[in-house]
Amino acid sequence: MSRIGRLPITVPAGVEVKVDGSVINVKGTKGELSHTVASPIEVTLDESTLTVTRPNDERASRSLHGLTRTLIANMIEGVTKGYEKKLEIVGTGYRVQAKGTDLEFALGFSHPVNVSAPEGITFTVEGPTKLSVAGISKQQVGEVAANIRKLRKPDPYKGKGVRYAGEVIRRKVGKAGK
């Protein structure tokens with residue numbers, strides 16, 4: 001039995017969960033999310049607890065069991081608390097500015113790089129080298145943050161670039177470090 005999949009999910013007060021066949025809708029104070037559950041997995045709602053069950057011990061259903069439970073738990077946490085990823089910019093002349101809901105980066109290229117906010121994502125600029133990406137979908141927040149980091153990955157020699165807050169960059173020794 002899956003150690004994660006067998007754990008029940010408690011639905012906090014103020015969160016409305018609807019299970020309609022294989023579609024699960026979660027509505028909370030921050031917004032609304034929906035997810036379609038893969039075919040062999042079943043989700044049942046009993047008062048304020050959700051349980052995820054699988055019909056057999058085949059490899060496919062075992063792998064989907066814990067995944068489905070975690071995705072539903074992340075949806076519930078997203079509509080109550082939300083998710084946030086913080087990013088830092090390191091490098092001389094590297095900075096970020098807010099232009100309405102979009103961001104404008106100066107990352108050492110010949111031109112500024114503009115990033116527009118997808119629906120459901122908000123950017124906050126805390127300084128010229130610090131920003132955060134927030135939203136209710138954990139997957140979407142992580143993907144947008146990864147795409148911003150991909151604009152200028154941290155350099156292994158000098159450490160310049162866009163990195164997650166608290167990320168440790170393994171530095172390499174240059175030519176002179178023999």
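Predicted model: local features only at pLDDT ≥ 70, side-chain atom pairs only at ≥ 80, totals over all residues.

Visitor: Which residues form helix H2, and how far does it reach?

Guide: Helix H2 spans residues 138-151, 14 residues in total. From its first C-alpha to its last it reaches 21 Å, close to the 20 Å expected at 1.5 Å a residue.

Visitor: Which residues of H2 are buried?

Guide: An α-helix has 3.6 residues a turn, so residues three or four places apart point the same way. In H2, the buried residues are Val141, Val144, Ala145, Ile148 and Arg149. They lie on the same side of H2, because they cover an arc of only 140 degrees around the axis. On the other side of H2, Gln139 and Lys150 are exposed.

Visitor: What covers the buried residues of H2?

Guide: The cover includes strands S7 (83-90), S9 (102-106), S10 (113-115), S11 (121-127), S12 (130-135) and S13 (161-164).

Visitor: How many residues has the largest nonpolar core?

Guide: That core has 19 residues, and among those with the most contacts inside it are Ile89, Phe105, Val133 and Ile148. S7, S9, S10, S11, S12 and H2 each supply at least two of its residues. H2 gives the largest share, 4 residues.

Visitor: Which residues does Val133 contact beyond its neighbours within four places in sequence?

Guide: Its contacts there include Tyr83, Leu87, Ile121 and Phe123, as well as Val141, Val144, Ala145 and Ile148. A second, separate core of 17 residues includes Val17, Leu33, Val52 and Met75.

Note on methods: Residues numbered from 1 in each chain as written. Heavy atoms only, no water. Expected span 1.5 Å × (residues − 1). Buried < 20%, exposed > 50% of the residue type's maximum accessible area, 1.4 Å probe, protein only. Arc of directions from axis to C-beta. Contact = heavy atoms within 4.5 Å. Core = buried A, V, L, I, M, F, W, Y, C linked by side-chain atoms within 4.5 Å.
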